[in-house]
Structures are given as C-alpha cells and as structure tokens.
Amino acid sequence: MKKILVTGALGQIGSELITTLRDQYGDDNVIGTDIRSSEDDTCIFETCDVTDGKALCETAKKHNVDTIMHLAALLSAKAEAIPQKAWELNMGGLVNALEVARELDLQFFTPSSIGAFGPQTPKQDTPQDTIMRPTTMYGVNKVAGELLCDYYYHRFGVDTRGIRYPGLISYKTLPGGGTTDYAVEIYYEAVKNNRYTSYIGANTYMDMMYMPDALKAIIQLMEADPDKLVHRNAFNISSISAAPEDFGEAIRKYIPEFNLSYDVDPVRQKIAESWPDSIDSSAAKEEWGFEPEYDIDSMTSDMLEKIKEKYV
Ligand code: NAD
Ligand code: AKB
C-alpha cells in the first residue's frame, strides 16, 4: 500500500488528485500539503512551503510516506509576469522535493507540460523526443525540471516519473494562471451568461484534456512496471487538440444561443503560438497503457452539466 504526500494539494489538479488517491489508497495514506491552509478538516493536511526544504522533509518524515507527488508551481501566464519568482518556486521547490525523495527513498512524480516545447518544435504530432527550446520562463523551468528528474533517476536511483500535461479542463477548482485557462472559463461563462470573449485567438490550437483522464494517467504511470519504461521524465499525453471555435461549436450543441467573440491578449497568445498544436502520445500508450476516455463532446456534456449543478 502506498503512502503519498502531495504538494500544491489545493490547486486545480491537487484538489481532485487527493480525492482520487484517497479513494484508491485510503484516507490515511494521502497527506495533502500546500502553502495555503485547508478549510477541509476531515482529511490529513499540513501547511508547508516547498521552498523550505527542511520543513518539507520533516513533513514527509512525520507521516512516513513512500511517495511524493510534487504539484506546487506557478503556471505559464503567472510565471511570465513574475519570472524570478517562478524560477524560485518552480526550480527551488522541485529540487527540494527531489532531495526529500533521495534522502527518504521515495517514489517521485511531478508534472511537466506542453509548455516545455517551443517555437522550433514540430507543431503537429509533436514527437516524444524532439527539439525543445521554450521561450517562456515556465517552459524553461519545465525542460530543466524534466532533465533534473532524469538526473536524479540516473545519478541517485530515485524512481522519478512525469507527464507532459496539456491544458487541463475541470469544474471543481479554477485554474491557477495558465495560458489554457480560457478552455475552463468558456464553460463557466457559457452557463452563466451564454457568451464568452476569448483572450486566445481563433485558429490557435493547443492540446487539452479532461481532468478524470489526467488523474487516471498519474495512477497508471506510478503503478507501471519500471522495466517497461523507456522514458520517464516526461511522457507526452493528450486527448483533444482544439482552438476556441471548437469549444464554441461543442457548447452550441447544448446551448444553441452561445456566442463566442475574441479580444486577444498578446502575452498569452504569444505563449500559445509557441506551443504545439497536437502532441503524439504513443510512447505513453506503449510503455504504460495511457488510454483517455473523454473527447471534446463527452467532456463538454459533463462540464456543462456539472457547472449547471453549481450555478443554476
Ligand atoms: P495551481 O496553480 O492550480 O496550484 C498550485 C498550488 O501550489 C496552489 O494551491 C498554491 O497554493 C500552491 N503553492 C504555491 N506556492 C507554493 C509553495 N511555495 N509551497 C507550497 N505550495 C505552493 O496549479 P495546477 O494547475 O494544479 O498545477 C499543478 C502542476 O501541474 C504544476 O506543476 C503545473 O505546471 C502542472 N501542469 C498543470 C496543468 C494544468 O492545466 N493545470 C497543465 C500542465 C502542467
Ligand atoms: C498553462 O497553461 O500554463 C498550463 C499548462 C498547459 O501547463 N495549463
């Protein structure tokens, strides 16, 4: 049985991941941590700043965990606004978490991102192994982070595993300042106001995925037979390649009067244009059986239903 410490547990991924992990491994075997304090006092939770390596190590020791899932980070748009702070958190927090894993002999997971790719990367069917020259601080952090995780595996034998997530779409917790956030906002605005003004321009394609598929992928990868893993940090995975108008079309099947307009934000648009249109997930399929369930239509139906339950 695993005992898992999750950093950044109150964020978009963490808030759902801890529930999924508790269902899978039991309430007592999941320790949520975040720099913010939690309002939910029914679960094991510790306030912990990942830039404080000693505190992180003490928390891991206190709960005798065997796995760390390190999620605390600044996302692409926020990181671009405060790049020095992003380096401090995204790299400083990561090296602290890896050191805890090395010292306590823990299995280790951290997400990378499609943001690790750059303008020189092939845009269609982006291969698992390809040119990576990102032009954002977030992307620089993610490429350096992937290399650092591989280094800890080869140099110290830490069982590090990672996924290059696309933009994640969910209804439980709002996203924390990324370029793909529009793909969540569009559903909330569709339900509340029948309209959305997109800060990402028409015909700008990026990879996306519904949260249940993203969570299932973490568990599958962490439980995969290590002998089958040719790659480790980090695997391309995607299930949807979409531009704003594709979300508009999918939403109009349920809300025919939905209106989509554009007011492009040059900063986030530039980031989006530097990322792939659609990445190739075949290494994840071959090495650990990645198999997404949701496409844009089934995701849209579920998102609209769940958001309506919240607001209508
Ligand atoms: P988020 O912004 O929603 O959550 C991050 C959490 O980290 C927040 O709860 C925040 O309070 C916490 N945090 C911030 N500073 C901290 C610190 N110093 N110590 C401890 N906690 C701190 O982010 P997310 O979307 O859940 O992303 C989690 C990870 O997944 C990140 O590495 C991100 O780059 C990666 N990722 C996310 C997406 C996505 O679409 N959500 C896509 C690709 C990769
Ligand atoms: C972002 O837009 O920053 C994230 C990501 C794809 O990494 N959603």
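Visitor: What makes up the open sheet, and in which order do its strands lie?
Guide: In this predicted model, 3 strands form it in the order β8-β10-β12, with mixed pairing. Strands here are DSSP E runs of at least two residues, and helices H or I runs of at least four, numbered from the N terminus. Local features need pLDDT of at least 70 and side-chain atom pairs 80 or more, while totals for chains, interfaces and linings use all residues. Residues are numbered from 1 along each chain as its sequence is written, chains are lettered from A and ligands numbered from 1 in the order written.

Visitor: How do you know that β10 and β12 pair?
Guide: Pairing takes at least two DSSP bridges; β10 (residues 206–210) and β12 have 3, in the antiparallel sense. Ser241 of β12 is the bridge partner of Asp207.

Visitor: Which residues come nearest to ligand 1?
Guide: Of the 28 around ligand 1, they are Gly8, Gly11, Ala73, Tyr165 and Gly176. A residue is near if its C-beta atom, placed from the backbone, lies within 6 Å. Elements giving two or more residues to this shell are α4, β5 and β8.
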